[in-house]
Amino acid sequence: MITGGAGFIGSAFVREIDNPLVFDALTYAGRLENLKDVKHLFIKGDIRNFQEIEKAVKENHVDTIVNFAAESHVDRSIVDPFIFLDTNVKGVINLLEVARKYDLKLVHISTDEVYGEQENSTEDFPLKPSSPYSASKASGDMFIHSYIRTYGVNALIIRPSNNYGPRQFPEKLIPKTIIRILKNMEIPVYGDGKQERDWIFVEDTAKIIKKIMQEGKKGEIYNVPGGQRRTNIEIIDEIGKILGKKPLIKYVKDRPGHDKLYSMKNTKLEYKTIPLEEGLKKTVEWYLNNQWWWTPLLGDEFFRSEVPW
Ligand SMILES: NC(=O)c1ccc[n+]([C@@H]2O[C@H](COP(=O)([O-])OP(=O)(O)OC[C@H]3O[C@@H](n4cnc5c(N)ncnc54)[C@H](O)[C@@H]3O)[C@@H](O)[C@H]2O)c1
């Protein structure tokens with residue numbers, strides 16, 4: 001059962017699995033449009049509700065849960081942290097309780113942001129989250145660790161770096177930039193725009209997660225860096241180059257608590273990822289060919305606002 005399978009990374013993972021069961025609350029970020037071309041079974045359900053998860057698991061003889069369900073946008077967490085606690089912490093505890101009761105395997109998707117700004121973090125680094133978002137993800141990870149130790153729950157944690165690709169909600173840097181350039185709108189850039197992120201193409205992440213789901217060991221944590229670090233300004237310039245248009249950049253007040261970089265090391269896995277320039281071209285092409293997908297989202301507050309807090 002794929003929780004959060006109607007979102008950005010979840011829907012890419014659904015494409016890798018034969019006939020999966022998708023369990024998703026369809027929040028602002030979850031859209032059935034993301035799954036319209038893939039065969040799947042769908043249950044509208046909320047990980048904040050234990051009974052809804054339990055019912056779905058029992059009725060469908062679920063043996064594994066892969067959890068993508070989360071509140072995922074840092075800016076939203078600065079404006080309203082409480083829903084991040086509910087979904088990313090209490091929701092994860094509900095999944096752990098169901099996994100414990102029915103002896104299920106839980107594959108949980110976390111993030112590089114739990115390490116904060118540390119260079120070359122390996123899986124045993126201390127967690128130093130900077131935003132309410134990353135703090136909620138780190139808390140979820142700690143509850144998973146505690147359930148493995150205390151109850152022997154069969155769980156593992158995957159920490160990918162920044163993902164990009166088709167179907168990412170336009171609140172995030174790359175789709176926001178593509179759409180704003182297409183619409184001749186200014187692109188708000190936080191601070192000096194020199195914050196570094198490590199990018200990975202979403203279809204690569206989905207394949208790597210599938211392999212870890214099949215071969216990963218109980219109790220392990222797996223970093224999944226893309227190995228392609230770029231500053232935000234470099235990303236915006238590259239997208240401008242692909243579209244053949246100079247981006248209209250507007251520097252705005254920096255995001256409070258903004259991490260200057262994320263940097264993980266992978267010591268456990270072997271995988272290849274496509275080069276960023278190639279993945280960005282594919283992504284831009286997808287947004288150009290699928291304007292029906294993003295046109296209804298142009299009114300979104302976090303796409304529109306320059307400084308949301
Ligand atoms: N996008 C990235 O760059 C990135 C990088 C590293 C890790 N992650 C992690 O990967 C996971 C997926 O990220 P994403 O970018 O696809 O997120 P997203 O915001 O695009 O999708 C989240 C999905 O979860 C669903 N959801 C939210 N709350 C729910 C609830 N209470 N019950 C059931 N479903 C709920 C939404 O409807 C949506 O379909 C998240 O855990 C995120 O923290 C994301």
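Before the helices, one definition: the expected span of a helix is 1.5 Å times one less than its number of residues. Helices (H or I, at least four residues) and strands (E, at least two) are DSSP runs, numbered from the N terminus. What you see is a predicted model, where local features need pLDDT of at least 70, side-chain atom pairs count only at pLDDT 80 or more, and totals for chains, interfaces and linings use all residues. Residues are numbered from 1 along each chain as its sequence is written, and side-chain values use heavy atoms, with hydrogens and water left out.

So, α8. This helix has twelve residues, and from first C-alpha to last it reaches 17 Å, close to the 16 Å expected at 1.5 Å a residue. Buried, by the way, means under 20% relative accessible area, exposed over 50%, and partly exposed in between, with a 1.4 Å probe and protein chains only. In α8 the buried residues are N232, I233, I235, I236, E238, I239, G240 and L243. Their cover includes α6, β8 (187-190), β9, β11, β12 and α9, where contact means heavy atoms within 4.5 Å. Just after α8, G244 takes a positive phi of about 65 degrees.

Now α9, one of the elements covering α8.

Zoom in on Y287, which sits in α9. How buried is Y287, in relative accessible area? It comes out at 0%. Leaving aside neighbours within four places in sequence, Y287 is in contact with G165, P166, R167, Q168, P175, I178, I179, W293 and W294. K246, on the other hand, is 41 residues from Y287 in sequence and 18 Å away in space, C-alpha to C-alpha.

Over to α2, residues 50-59. Here F50, I53, E54, A56 and V57 are buried. They cover an arc of only 165 degrees around the axis, which puts them on the same side of α2. On the other side, Q51, K55 and E59 are exposed. The buried set packs against β2 (21-24), β3 (41-44), β4 and α4.

For contrast, a loop residue: D103 lies between α4 (82-102) and β5 (105-109). D103 is exposed, at a relative accessible area of 70%. N154 is 51 residues from D103 in sequence, with 7.5 Å between the C-alpha atoms.

On to empty space. Rolling a probe the size of a water molecule over the atoms shows where empty space is left. On a 1 Å grid over the protein atoms alone, a cavity is a set of points where a 1.4 Å probe fits but cannot get out; a pocket is an open set with protein on both sides within 12 Å along at least five of seven lines; lining residues have an atom within 4 Å of a point. Grid points are joined across faces, edges and corners, and a volume is the space filled by probe spheres set on the points.

How many cavities of 30 Å³ or more does a search of the whole structure find? One. The largest cavity holds about 50 Å³ of space, and its lining is V74, I78, S130, S131, R197, R255, P256, G257, H258, D259 and Y262.

Take H258 from that lining. It's in the loop between β12 (249-252) and α9, and at 11% relative accessibility it counts as buried. Not counting residues up to four places away in sequence, H258 touches E117, Y190, Q195 and R197.

Last stop, the second largest pocket, with a volume of about 180 Å³. Of the 15 residues that line this pocket, M1, I2, I17, T64 and M213 are the closest to its centre. β4 (64-67) and α7 (202-215) are the elements that give two or more residues to the lining, and α7 supplies the largest share, three residues.

Conventions: The arc is that of the directions from the helix axis to the C-beta atoms.
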